[in-house]
Amino acid sequence: MRIISSNPFKNLTWEKVWAFVSKYSYVVSFIGLLTIATIINPRYFSYANLSTLLLQASIKGIIALGMAILIICGMIDLSVGSIVALVAGLGVVVLNYTGNPWATLAFCMAFGALLGSINGLLVAFGRIAPFIVTLATMSAYRSIIVQLGQGGPFNVNSDILPWFRMIAAGNVWGIPNLALIFIAIMTVVAVIMSRTKFGRYVYAVGSNEQAARLAGINVNMIKIACFTITGLLAGISAFLLMSRLTSITAPNAGSQFELDAIAGVAIGGIAMTGGRGMIAGSFMGALMVQMIEGVLIAARIPPFLNGLVKGIIIIFTVLLQRKKANN
Amino acid sequence: MILEMKQISRYFGPVKAVDEVNFTVGEAEIHGLLGENGAGKSTLMNILGGALQPNGGQIFIDGQLIEDMTIHKSNALGIKFIHQELNLVNDLTVFENLFLGQELTNQFGILDRKAMIARSLDVLKRIKVDIDPIEIVSNLEPSRKQLIEIARALLFESKLIIMDEPTTALTNKEIDILFDIMRSLKAHGLSIIFISHKMPELFAICEKYTVLRDGKFIETGYLKDINEQKATNLLVGRSIVNSQHVKEIVHGPVVMQVAGLTSKGHFRDISFDLHEGEVLAITGLHGDGRGELSESLFGARHVEAGTVTVHGKHLKLGNIRDVMRAGVGMVPRNRKERSIIKDMSILNNLSIAFFIAKHKKIFIDKQEEIERFKRNQKITDIRAGNIDDDITSMSGGNQQKVIVSRWLELNSDIYILDNPTQGIDVGAKFEIYKLIEELARRGKSLVIFSSEFPEIYKVADRCLVMYEGQINAELDREHLTEINVMFYATGANKEGINANNIQQPV
């Protein structure tokens, strides 16, 4: 017999550290990124800056939360950006007609959920791959709103505009409203995913669909629910976008949101193969995507290269995940 | 071709898959190779086909020693292997499949479609199969695909054909045609090695036989000198089962009644009763529809006809949750694919089914989950370090105990266990057997699907033997012997194939 290690405690500690690092990899990368940003710009690490970061990240971040649910369930949704555009465009019409923000919010959530559930129904009962279904609806939803807008923007009426824009621009005791909403929604989603049966089922379906089915889980219902929730969150995101921009241009609104959401989920340590990951990770991931944009600007890297950096990050994190899985 | 394999051995680690086996096939001879699952038939044939290298022994073909057999060499010698599973490319046409890897080309290196189609037509006509060579393979019935496999072996010059259970997917008529083809090949001087589990077929077509058991050569001879009972005895051996059935047999009231259950292409007209506290084993050979039956009983597979009644109430089949709530639990086969949720912790893997049937609260209470785990750990003796570790960190036996616990927690009255000891070590197997006995003692009823006789003998009060999708025999404890099980599982009680058609699952 060979003596493996002279000091077993030393080994144990490293293993524990490694286990912690791989489980909470998003915390480590968040601290790393924050350090880099602070080195480039010493004033980066300030309250004003960080609350702005949360504010900027919130609208896309809410979508990243939905995307996280879908990816944990072993699926993906490319149509979220188009759902935002379609819901926001028609949301402006509803707002101008009713003048009631609650009615508009209800419309946005319901309509978003409907669009998401169409994706879900096609995936579950049409037995089409989520990638294909949502690629098609990405094109379809966007096309509808562009046609309805006839190329022009949907503008919030000037009499509504002053108070309506305060939903996104306002703050409570110095904390931006958007940041509060983002954190509140994140908390609700995180509790659903970690503390309810439904959350448990989502993880099970994403990990092993066959075993989940044989354990009695209604796999189709879970899939439809995941898409519906993602649609609903995209609807909320659309509502906030309306308030922030007060003018929705159909061809651009929400474009590339799916990329940012997927990038956030990937950096957030959620397994792209499904079944693994935490909602808090996708929350931090969404912040990191926003930070990277800031870092690029501070480092005087042309903003056109944003997409390149995000693309590299997605590929890189997936490669890292695979390496971890092989270990 | 005269084939002689002498003293062939092949080890997989410490396991002697084939141990100094002698095997001889003469010119123009149809030779039946018999043995149970794991007897070494496939290993021996893969050595002949060049797919596996032997650890010892020699192969002579027409008296010449062949060294370092490879797939290529074996092909060049005219040895063709028709595999049991289909190796066809579904999206290509019939002729493209037939010539796959050996395409005919013209002088410019361009594929010669016409010549290939013509030759395909030739060979299909020869085996009296009416298939268009330019048909896409995926449009064909499974039995026709099997015929294409056979056609492929005949396309090029061959001297010895190995057929590994070629009839599993075929209909009666097609089996008759296949046998005609085999006879005509034999008349042309070809030799055929025919592997089958079905006694009537073996006696109908083969003249000689060789029996393997546990990797060892047992006997060779002429089939006309033995009968089906003798063949079964040779297959099984007089192995003494060293485990005792300790449970006393009880006959409580009927808790589950299955009547006329039929699923097209898998099984038909399955009827049986299950009593309280009874352990009922269902066994058979590969392709008997057992696996599909177990799924149907649990509502996981569509059935065309028949009913399942639990406690006097009809089960809504096809809905797993309804079946679960009616008090039926199931441990599926192939733990890795069908039971384990690999990204989840040991704890969460255990509680997943409980949520479906019993959990009524909004939030999950981790403390309750841990209590649930501890309670089951006592019953099933799960050995786990940290219950928050991934389930994949455990041994196969412990994983299976977690899966069994998953269903125990539902406190079902009926448990369906499909190959419950698959891929787990001997120690864990015995613990599972103990658990089965314990459950039966508590008045639970169990249906155990298994292909291992020692296991059945150890736990079962009664055994149903399936053959080609139907229940061929019911054996009570008194008649439960390995020889009897084999006899009925191979359909040895059925008459010869040409005289009286074997019932095929349609």
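This briefing describes a predicted model with chains A and B. The predictor gives the complex an ipTM of 0.77 and a pTM of 0.75. Chain B has an average pLDDT of 84, and 93% of its residues score at least 70.

**Confidence**

- Residues 497-506 of chain B have a pLDDT below 50. Beyond near neighbours in sequence, this stretch still has 27 contacts in the model.
- Where pLDDT is low, predicted coordinates should not be read in detail.

**Contact between chains A and B**

- The contact involves 19 residues of chain A and 23 residues of chain B.
- On the chain A side, helices α10 (197-207) and α11 (209-214) each supply at least two of the residues that touch chain B.
- By class, the chain A side of this contact holds 7 nonpolar, 7 polar and 5 charged residues.

**An antiparallel sheet in chain B**

- Four strands of chain B form an open sheet in the order β12-β11-β14-β15, with antiparallel pairing.
- The strands at the edges are β12 (267-275) and β15 (313-314) of chain B. Each has a single partner strand, so one side of each is left without a neighbour in the sheet.
- Strands of a sheet pair through backbone hydrogen bonds, either parallel or antiparallel.
- β11 (residues 254-263) of chain B pairs with β14 (residues 305-310) of chain B over 5 bridges, in the antiparallel sense.
- Two residue pairs can be followed between these strands: B:Gln257 has B:Thr309 in β14(B) as its bridge partner, and B:Val258 stands opposite B:Val308 in β14(B).
- β11(B) is also joined to β12(B), by 6 bridges, and these two strands run antiparallel. Here B:Ser263 stands opposite B:Phe267 in β12(B).
- β11(B) and β12(B) form a hairpin with 3 residues between them. In the turn, B:Gly265 has a positive phi of about 85 degrees.

**A parallel pair in chain B**

- β16(B) pairs with strand β17 (residues 414-418) of chain B in the parallel sense, over 4 bridges. In this pair, B:Val328 has B:Ile414 in β17(B) as its bridge partner.
- Both faces of β16(B) are covered. B:Val328 and B:Met330 lie on one side, B:Gly329 and B:Val331 lie on the other, and all four are buried.

**Helix α14 of chain B**

- Helix α14 of chain B runs over residues 396-408 and has 13 residues.
- From its first C-alpha to its last, α14(B) reaches 18 Å, close to the 18 Å expected at 1.5 Å a residue.
- α14(B) is mostly covered, with 12 of its 13 residues buried. Among the buried residues are B:Lys401, B:Arg406 and B:Trp407.

**Loop residues**

- B:Asn334 is in the loop between β16 (328-331) and α11 (335-338) of chain B. B:Asn334 is not a glycine, yet its phi is positive, at about 50 degrees.
- B:Asn334 has 15 other C-beta atoms within 10 Å and is therefore partly exposed.
- B:Asp381 is in the loop between α13 (366-380) and α14 of chain B. Its phi is near 55 degrees, again a positive value in a residue other than glycine.
- B:Asp381 counts as partly exposed because it has 14 C-beta neighbours inside 10 Å.
- In chain A, A:Pro251 is in the loop between β4 (247-249) and α13 (257-267). A:Pro251 is partly exposed, with 13 other C-beta atoms within 10 Å.
- A:Pro251 and A:Thr196 are 55 residues apart along the chain, and their C-alpha atoms are separated by 38 Å.

Note on methods: Residues numbered from 1 in each chain as written. Chains lettered and ligands numbered in written order. Predicted model: local features only at pLDDT ≥ 70, side-chain atom pairs only at ≥ 80, totals over all residues. Contact = placed C-beta atoms within 7 Å. Nonpolar A, V, L, I, M, F, W, Y, C, P; charged D, E, K, R; others polar. Pairing = 2+ DSSP bridges. pLDDT = per-residue confidence, 0-100. Expected span 1.5 Å × (residues − 1). Buried ≥ 20, exposed ≤ 12 C-beta atoms within 10 Å, placed from the backbone.
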